[in-house]
Amino acid sequence: MNKMLYISANPKPESMSASRTVARALVNRIMDKYRDIEFEELDLYEQHIPQLKHSYFAGRSKIISDEERNKLPEEEQKEVNQIIQLCDQFRDADLYVLAAPMWSLSFPAPVKEYIDCVIQAGKTIEFRDDKPHGLLNNKARCFIYVQASGGHIPWLIRPALNKGLNYVHDVMRFVGISSFEELLVDGTGTTEEEREEAIQRAMKKIDDIILSV
């Protein structure tokens, strides 16, 4: 394991975010265990995540060539370069931690915008026989999704309600990352006491998560 990419998606300060608080403890423990791991951090509310325009692509998920990119207005060239950099950063990692709250049964919008940036033909997927195939199964990779939610979600109805988690899981399988772990911070409630209890319950799961990394 050489590189960990920690992605956070919550506009709240870390001290006020249950998902980011638990994720920070997780990444710190991982770095304690793997002393030589390279660490990169990406805050989707601090980092500009471009919106995808038709002019940026030569085909399905295929970024335009350098020659065509140079014909774009300067600002759009910067946008394309940012998309490429985000994808390259994602592709180069071995371990991923994504921290996000459950919003409207899903996740904050920047998560989807980010995922759209990193799905690129020739980098994370390829098309064979007119069908997409993931390229990130070329080495061992693991993705950990840390999600905070206000209520306690019964396990029986989690598949129906955890649409954001399910989507991220399916996309990671799509690009070739088969090892996927979830760290749920359920029941953050409406009071500080409830939030702290939810965080402490999740913290107790960290060691088991690390064993699977």
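Start at the largest pocket, whose lining residues divide into 6 nonpolar, 8 polar and 3 charged. Here Ala, Val, Leu, Ile, Met, Phe, Trp, Tyr, Cys and Pro count as nonpolar, Asp, Glu, Lys and Arg as charged, and the others, Gly among them, as polar. This is a predicted model, in which local features need pLDDT of at least 70 and side-chain atom pairs count only at pLDDT 80 or more, while totals for chains, interfaces and linings use all residues. Residues are numbered from 1 along each chain as its sequence is written, and side-chain values use heavy atoms, with hydrogens and water left out.

The pocket has a volume of about 240 Å³. Select K12, M16, A18, T188 and R195, the closest to its centre of the 17 lining residues. (On a 1 Å grid over the protein atoms alone, a pocket is an open set of points with protein on both sides within 12 Å along at least five of seven lines, and a cavity is a set where a 1.4 Å probe fits but cannot get out; lining residues have an atom within 4 Å of a point. Points are joined across faces, edges and corners, and a volume is the space filled by probe spheres set on them.)

Next, select helix α4, residues 109-118. (Helices, H or I of at least four residues, and strands, E of at least two, are DSSP runs numbered from the N terminus.) Which of its residues are buried? They are P110, V111, Y114, I115, C117 and V118, where buried means under 20% relative accessible area with a 1.4 Å probe, protein chains only. These residues sit on the same side of α4, because they cover an arc of only 155° around the axis, taken from the directions from the helix axis to the C-beta atoms.

Now show the largest cavity, with about 40 Å³ of space. Its lining is I7, F90, L98, Y114, I115, V118, F143 and M172, and α4 gives the largest share, 3 residues.

From there, widen the view to the largest nonpolar core, with 39 residues. (Such a core is a set of buried Ala, Val, Leu, Ile, Met, Phe, Trp, Tyr and Cys residues joined through side-chain atoms within 4.5 Å.) F90, Y114, F143, Y145, V168 and M172 have the most contacts inside this core. A second, separate core of 27 residues includes I30, I144, L183 and I206.

Finish at Q120, in the loop between α4 and β6 (125-128). Q120 is buried, at 1% relative accessible area. Beyond four places in sequence, Q120 is in contact (heavy atoms within 4.5 Å) with S61, I63, I83, I84, C87 and I125.

Terms used:
Buried < 20%, exposed > 50% of the residue type's maximum accessible area, 1.4 Å probe, protein only.
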